[in-house]
Amino acid sequence: MDFTIQSALVPVEHGYETVDVQIVAGRIAAIAPGLQGVGTIVDGRDKLLLPGFVNAHTHSSEMWQRGIIPPTPLELWIAELYEFEPLDPEQLYLSALGTAVEVLLSGGTSVVDHLVMIEGRELESIAAAVRAYRDVGMRAFVAPLIQDESMTAGMPSGGTAQTHAPYIRSTAETLAIIEDAIAQFHRPADGISILPAPTGIQLCSDALFEGCVRLSDRYSLPLHTHLLETRAQQLLAHEKYGYSAVEHLKRLGFLSPRTSLAHCVWLDDADIAILAETQSTVVHNPLSNLRLGSGIAPILKYLQAGVNVTFGCDGAASNDAQDLLEAIKIGSMLHNVTDVDYRHWMTPRKAAELASLGGATGLGMAAELGSLTVGKQADLVLYDLKNLSLLPRTDPIGLLIWGRPTQAVDSVWVKGDRVVTDGTVTTTNVDDLRQQLFDRSQWITNRQSASIRQVEARYRAVMNLPAQTPGYS
């Protein structure tokens with residue numbers, strides 16, 4: 001449906017301007033003051049219009065465990081996560097739907113879902129998430145999370161001999177699942193893309209990374225993975241390769257302008273130079289990095305080196321939310337304590353640009369998304385500047401990014417289709433979603449995880465932590 005947003009405030013180089021924006025056939029057709037209205041007229045008065053943000057890394061299925069996993073580092077946290085993962089594709093549908101709703105209502109129009117699949121029901125798992133994103137109308141890059149090494153291989157050995165059981169699937173079988181998913185679900189024109197997305201160097205063989213590169217080349221797909229989220233992963237990489245994980249991924253051909261890398265906390269200057277050289281994208285997930293004690297990614301160094309950066313919420317059990325504006329706020333302010341030169345600090349406008357155009361760039365979509373530019377697809381968000389949390393009137397983007405507004409999203413369009421109107425998602429029954437999430441869950445206190453108890457001693461040993469301390473409880 002064609003439409004015209006009239007009298008909206010948009011950012012320009014040295015301030016803001018009030019303009020009309022015409023949308024024809026799902027694309028921005030014109031931006032100027034005083035345009036003649038085409039199609040439906042949308043009142044943009046006292047509202048800020050921005051391109052939609054990208055939640056460039058999350059795991060939607062984690063929604064079922066948010067608020068329950070105790071404060072532990074990633075290597076222990078993930079043991080409990082997998083011990084209690086969902087076993088029903090309908091749960092994956094509901095959690096993807098819930099993720100989409102939360103992201104839409106916090107300014108996002110696209111999501112990269114590093115989807116945890118149900119063992120033995122992988123294609124059903126992907127189908128459930130795809131159905132959810134189609135139903136709600138969100139642009140989704142579904143990146144099934146794959147590995148070909150067992151979980152015990154994901155921790156450094158600490159110099160002791162280790163044996164690991166074979167993984168449940170061969171590398172070839174795992175890659176075949178992704179190729180089947182591409183054939184069945186990859187429909188970018190409809191807003192659904194499938195990405196080859198190995199878990200990370202800690203649980204994936206070289207053959208799996210190389211297989212993902214081949215799929216990316218064959219089908220012109222972006223690539224996605226975790227990279228050096230924790231200190232333990234940095235130690236493991238040097239055990240496996242004898243040198244940097246970043247250098248190793250470069251040698252495998254995995255790093256390129258179409259590659260996005262979640263976290264990137266434990267990289268040195270030489271690693272950063274490689275990311276700049278290969279034009280790879282860093283997805284900054286500040287809240288999960290803090291929640292799991294992983295560290296603070298050197299984002300200001302990345303930006304100074306010319307590395308493309310964007311933001312992600314990460315999964316809802318390591319955040320524990322899908323509020324994209326919150327992730328952008330923390331991700332822009334956190335680094336003021338890492339560099340005494342305040343001229344390097346991130347401005348609200350820069351943060352908003354990274355969240356939109358930076359996210360699109362990391363997915364190879366910069367020509368299509370990420371800015372208010374004639375010819376680009378209409379993934380747009382309209383914010384109510386009379387919302388209490390955006391008052392009094394100062395700098396609209398400063399208020400949006402630094403102020404962390406609540407319920408400030410008025411309208412959202414994806415591919416020119418309106419999916420949020422007057423602050424309400426109109427494409428799905430959110431009341432029914434809430435009720436189903438409530439009915440399918442229960443209050444939990446003091447859940448005991450056998451998995452954490454099994455790996456905690458080894459983790460403490462390889463990380464040189466005292467052994468005689470109270471265990472997990």
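The secondary structure of this predicted model comes to 15 helices and 19 strands. The radius of gyration of the protein is 22 Å, close to the 23 Å that the globule rule gives for 473 residues, so the protein is as compact as a globular protein of that length. Taken along the principal axes, the box filled by the C-alpha atoms comes to roughly 75 × 50 × 45 Å.

Of the 473 residues in the protein, 58% are buried, and among the contacts between residues at least 6 apart in sequence, 75% join residues that are at least 24 apart. The protein exposes about 19000 Å², of which carbon and sulfur atoms supply 53%. As for charge, there are 35 positive and 53 negative side chains, and the centres of these two sets lie 2 Å apart.

A search of the whole structure for disulfides finds zero. A disulfide is a covalent bond between the sulfur atoms of two cysteines, and the cut-off applied to a sulfur pair is 2.5 Å. The table gives sulfur distances for two of the cysteines.

| Cysteine | Closest cysteine sulfur | Sulfur distance |
|---|---|---|
| Cys 204 | in Cys 212 | 7.5 Å |
| Cys 313 | in Cys 264 | 17 Å |

The sulfur of Cys 204 is too far from that of Cys 212 for a bond, because 7.5 Å separates them; Cys 204 also counts as buried, at 1% relative accessibility. For Cys 313, the 17 Å to the sulfur of Cys 264 is likewise too far for a bond, and Cys 313 is buried, with a relative accessible area of 0%.

Conventions: Residues numbered from 1 in each chain as written. Predicted model: local features only at pLDDT ≥ 70, side-chain atom pairs only at ≥ 80, totals over all residues. Heavy atoms only, no water. Buried < 20%, exposed > 50% of the residue type's maximum accessible area, 1.4 Å probe, protein only. Helix = DSSP H or I, 4+ residues; strand = E, 2+ residues; numbered from the N terminus. Rg over C-alpha atoms; globule rule 2.2 N^0.38 Å. Contact = heavy atoms within 4.5 Å. Areas by Shrake-Rupley, 256 points an atom, 1.4 Å probe, with all protein chains shown as cover. Lys, Arg positive; Asp, Glu negative; His and termini not counted. Charge placed at Lys NZ, Arg CZ, Asp CG, Glu CD.
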